[in-house]
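Please read the numbered points beside the sequence and the model.

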Amino acid sequence: MTPAINTAKQNKVIYKVHEYQHDATAESYGDEAAQKLGIATDRVFKTLVVSIDRKALVVAVLPVSAMLSMKLIAKACSAKKATMADKADVERSTGYVLGGVSPLGQKKRLKTFIDASAQQFPTIYISAGKRGLEIELSPQDLQKLTQANMAGICQ
């Protein structure tokens with residue numbers, strides 16, 4: 001069990017865990033998950049950690065088929081500028097390694113934004129906190145567990 005799976009379990013939400021054999025040479029962990037699990041890339045969501053105005057870290061959850069808009073995530077945070085967070089900062093604040101960062105069960109709860117496109121699906125897939133492990137749950141449960149805001153954050 002990972003902290004992400006434990007969070008879902010403790011909060012009694014309906015979820016399914018999907019495991020696949022991770023290929024260390026894969027260029028995109030999200031694309032690899034979609035392909036190996038046979039799921040459309042717009043239903044598999046990646047977790048990115050962003051630095052806002054060089055002061056705070058926030059989490060962006062968006063389809064692996066999309067690109068994060070730094071302007072839109074900054075706007076959602078009422079900030080001037082957003083940049084990708086430093087790898088060491090991401091791992092220190094979330095407790096996860098890159099490629100296995102989950103929006104659930106992070107060491108330090110960060111303000112979270114889920115791309116509004118998630119609402120069109122009954123369930124979405126997110127990292128379960130380890131490469132090769134995905135958790136499927138409803139976007140509403142993910143929003144509730146992370147206290148996230150839904151916003152258009154993709155380019």
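**Cysteines, sheet and pocket**

The sulfur of C154 lies 14 Å from the closest cysteine sulfur, in C77, which is too far for a bond.

1. Basis of the note. This is a predicted model, in which local features need pLDDT of at least 70 and side-chain atom pairs count only at pLDDT 80 or more, while totals for chains, interfaces and linings use all residues. Residues are numbered from 1 along each chain as its sequence is written, and side-chain values use heavy atoms, with hydrogens and water left out.

2. Cysteines. A disulfide is taken as a pair of cysteine sulfur atoms within 2.5 Å, and by this rule the count is 0. C77 is in no disulfide, the nearest cysteine sulfur being that of C154. C77 is buried at a relative accessible area of 19%, and C154 is buried at 16% (buried is under 20% relative accessible area, exposed over 50%, partly exposed in between, with a 1.4 Å probe and protein chains only).

3. Five strands form an open sheet of mixed pairing in the order 4-2-3-5-8 (strands are DSSP runs of E, at least two residues, and helices are runs of H or I, at least four, numbered from the N terminus; two strands pair if DSSP finds at least two bridges between them). Strand 4 (82-84) and strand 8 (149-151) are the edges, each pairing on one side only. The twist averages 35° from one strand to the next.

4. Strand pairs. Strand 2 (residues 45-52) runs antiparallel to strand 3 (residues 56-63), joined by 8 bridges; K46 stands opposite L62 there. Strand 3 pairs with strand 5 in the parallel sense over 4 bridges, and V61 has I114 as its bridge partner. I114 also stands opposite M150 in strand 8, within a parallel pairing of strands 5 and 8 over 3 bridges.

5. Cover of strand 5. Helix 5 (residues 139-146) lies across strand 3, strand 5 (111-115) and strand 8, at about 165° to strand 5 (axes are lines fitted to C-alpha atoms, for helices over the stretch in contact, with angles from 0 to 180 degrees between N-to-C directions; contact means heavy atoms within 4.5 Å).

6. Strand 2 gives 5 residues to the lining of the largest pocket, the largest share.
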